[in-house]
Amino acid sequence: MFLRSHWRLLIFCHFGESLQSKTTTSCMLLLDSLQMADPKRLEPYIRKFVLDIYRAEDRPESKEFISRIPLFVPKVPQQITGEECGKFVLYFIHLFVEEAPENFSIVHGYPYFVSFFFFLLFSDYILRLTFYLSL
């Protein structure tokens, strides 16, 4: 998502699943390489966006149902300059596609693939990506 000259990654996980499921949990992950921009302030806009999607698809979910879908803003590596956000979004997409399990639950907290430690393990990828994109 692009807002106020800054890219963030919003991931919808297991939408359409029951909120009571123990194996696949619906949730939203907002990955923001500029935490100082206070990404949690975007929550009302994100929930409105989800409601608009559901209404466009003639889905019966209510505003109250959408308000119960957890929105997580995990700590992720942070950009150093004001021009790296797009590279970080590509990095986050890569990690999610390559490493996120098909099924996971958030009953006991964040799944491993959104932990800060996990992102640090793959930090060399962002260095390589930055190098290749600067060519």
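A residue is called buried when its relative accessible area is under 20%, and exposed when that value is over 50%. Keep in mind that this is a predicted model.

Five of its five residues are buried, so β4 is largely enclosed by the rest of the structure. Cys27, Leu29 and Leu31 are buried on one side, and Met28 and Leu30 are buried on the other, which leaves both faces covered. In a regular strand, side chains alternate between the two faces of the sheet.

| Partner of β4 | Sense | Bridges | A bridge pair |
|---|---|---|---|
| β3 | antiparallel | five | leucine 10 with leucine 30 |
| β5 (residues 71-72) | parallel | two | methionine 28 with leucine 71 |

Next comes helix α3 (residues 85-99). Its 15 residues should span 21 Å at 1.5 Å a residue, and its end C-alpha atoms are 21 Å apart, so the two agree. Buried in α3 are Cys85, Phe88, Val89, Tyr91, Phe92 and Leu95. These residues lie on the same side of α3 because they cover an arc of only 160° around the axis. Val97 and Glu98 are exposed, on the face turned away from that buried side.

Finally, what kinds of residues line the largest pocket? The lining has nine nonpolar residues, no polar and no charged ones. Among them are Met1, Phe12 and Tyr45. The pocket holds about 180 Å³ of space. Elements giving two or more residues to its lining are β1 (2-3), β3 (9-13) and α1 (43-56), and α1 gives the most, with three.

Note on methods. Residues are numbered from 1 along each chain as its sequence is written. This is a predicted model: local features need pLDDT of at least 70, side-chain atom pairs count only at pLDDT 80 or more; totals for chains, interfaces and linings use all residues. Side-chain values use heavy atoms; hydrogens and water are left out. On a 1 Å grid over the protein atoms alone, a cavity is a set of points where a 1.4 Å probe fits but cannot get out, and a pocket is an open set with protein on both sides within 12 Å along at least five of seven lines; lining residues have an atom within 4 Å of a point. Grid points are joined across faces, edges and corners, and a volume is the space filled by probe spheres set on the points. Helices (H or I, at least four residues) and strands (E, at least two) are DSSP runs, numbered from the N terminus. Ala, Val, Leu, Ile, Met, Phe, Trp, Tyr, Cys and Pro count as nonpolar, Asp, Glu, Lys and Arg as charged, and the others, Gly among them, as polar. The expected span of a helix is 1.5 Å times one less than its number of residues. Buried means under 20% relative accessible area, exposed over 50%, partly exposed in between (1.4 Å probe, protein chains only). The arc is that of the directions from the helix axis to the C-beta atoms. Two strands pair if DSSP finds at least two bridges between them.
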